[in-house]
Amino acid sequence: RSSDLTSNTEMATAMELKRLQKVLLTAMLQFYLKPEIPDLSQLPVQINVPELFDKVKCNSFGIYNGRMQSVGYGLYPSMSLLNHSCDPNCSVLFDGRHLRLGVDREIQVGEELTTCYVELLTPTRERQDQLWERYGFKCTCPRCLTQAMDDADVLPGDPAASERTRESLPLVKILKSQKKYEQCLQLCRNILRSNVDRIPDRNIYQLKVLSDALDVCIGLSRMDEALLYASRILESYRLHHSAVSPDRAAHMMRVGELQCQVGQHREGLKTLREALKTMIVSHGSGHSLTQELIGMIQEWESCHKLVQEAKARAWQRRSEEH
């Protein structure tokens, strides 16, 4: 049986495995090109498929919907000209398939426009490893040169508890991807319970657990518990993200929507209006998510009005009965 055979995969170097992966991906690319170009020999001789794959890998952008959920990858050559910084002044936004460049903070005259090529809320060593593996360079931005200060900012609290939380994340992701929501939620609860008074919510590994717990609660329609996690995340986002951050605006919208869904209409509308002020700056008034938020505010304003009118009529009836 094939399962009884030895593979010696563990003896292969990381470089050999990456080379093999590239060969397999190139073959896959050629396979999917066949419906469009049946005879691959028709491709211009100067086209090197492995090199083309590397160019796409190095210059592509992860495409996210308005709620910052990943939906795919795309190649946008003009935006690829922007250099990387772990403390960027710009962020990439998508409106459908269209890419826009948003400003995260005030930019000085003559200051270079930069974006972050990797996940922003990541410890220095992890960012460095990701940048070297995918882009082949070592970042020397001010944030990376002050690693101790940076890691203290994103990984506060007990180091041992932080490391245990990091090690738990793969299992959380597996349970979530398999839609084993009850098991995933229980695991998240246990992690968060064990971290009380040990690591704060602004610890990025704790934030990842909170985010997964939020998604799972929504999947289970447990909106009250989902709101609890969403509110904790928002408080940490206020510390990690600028006042006009797209991530902060999108999450604020999520919190406001949850508040309205659990009947906290007054608080929810206040949060949604605050999110709209931020989103007009971060996304622009014409962005589809901004327009969705405007419609959401109008819908919940109407709902809140109906609820208040119903309460007024009930109060009036009780007054008349007495």
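Modeller: A residue is called buried under 20% relative accessible area, exposed over 50%, and partly exposed in between. Please keep in mind that this is a predicted model.

Colleague: Is Glu-163 buried, exposed or partly exposed?

Modeller: Glu-163 has a relative accessibility of 33%, so it counts as partly exposed.

Colleague: Which side chain does Glu-163 meet in a salt bridge?

Modeller: The side chain of Glu-163 meets that of Arg-166, with a distance of 2.5 Å from N to O. Arg-166 is partly exposed as well, because its relative accessibility is 33%.

Colleague: How many salt bridges does the structure hold?

Modeller: The structure holds 15 salt bridges. One of them joins Arg-198 and Asp-158, at 2.6 Å from N to O. Arg-198 lies in the loop between helix 7 and helix 8, and Asp-158 in the loop between helix 5 and helix 6, so this pair ties together parts that are 40 residues apart in sequence.

Colleague: How accessible is Arg-198, and how accessible is Asp-158?

Modeller: Arg-198 has 35% relative accessibility and is partly exposed. Asp-158, at 22%, is also partly exposed.

Colleague: What does Arg-222 form with Glu-182?

Modeller: Arg-222 forms a salt bridge with Glu-182, and the closest N and O atoms are 2.6 Å apart. Arg-222 is in the loop between helix 8 and helix 9, whereas Glu-182 is in helix 7, so the pair connects parts that are 40 residues apart in sequence.

Colleague: Which residues are linked in a network of salt bridges?

Modeller: The network links Lys-173, Lys-176, Asp-212, Asp-215 and Arg-254.

Colleague: Let us change topic to helix 10. What distance does it reach from its first C-alpha to its last?

Modeller: Helix 10 covers residues 246-261 and reaches 23 Å, close to the expected 22 Å. Of its 16 residues, 13 are buried, so helix 10 is largely enclosed by the rest of the structure.

Colleague: Which residue caps its N-terminal end, and what comes just after helix 10?

Modeller: Ser-245 caps the N-terminal end of helix 10, with a side-chain oxygen 3.2 Å from the backbone nitrogen of Asp-247. Just after the helix, Gly-263 takes a positive phi of about 95°.

Notes: Residues are numbered from 1 along each chain as its sequence is written. This is a predicted model: local features need pLDDT of at least 70, side-chain atom pairs count only at pLDDT 80 or more; totals for chains, interfaces and linings use all residues. Side-chain values use heavy atoms; hydrogens and water are left out. A salt bridge is a side-chain nitrogen of Lys or Arg within 4 Å of a carboxyl oxygen of Asp or Glu. Helices (H or I, at least four residues) and strands (E, at least two) are DSSP runs, numbered from the N terminus. Buried means under 20% relative accessible area, exposed over 50%, partly exposed in between (1.4 Å probe, protein chains only). The expected span of a helix is 1.5 Å times one less than its number of residues. A polar contact is a pair of N or O atoms within 3.5 Å; within protein, one must be able to donate a hydrogen and the other to accept it, and residues adjacent in sequence count only if both atoms are side-chain atoms.
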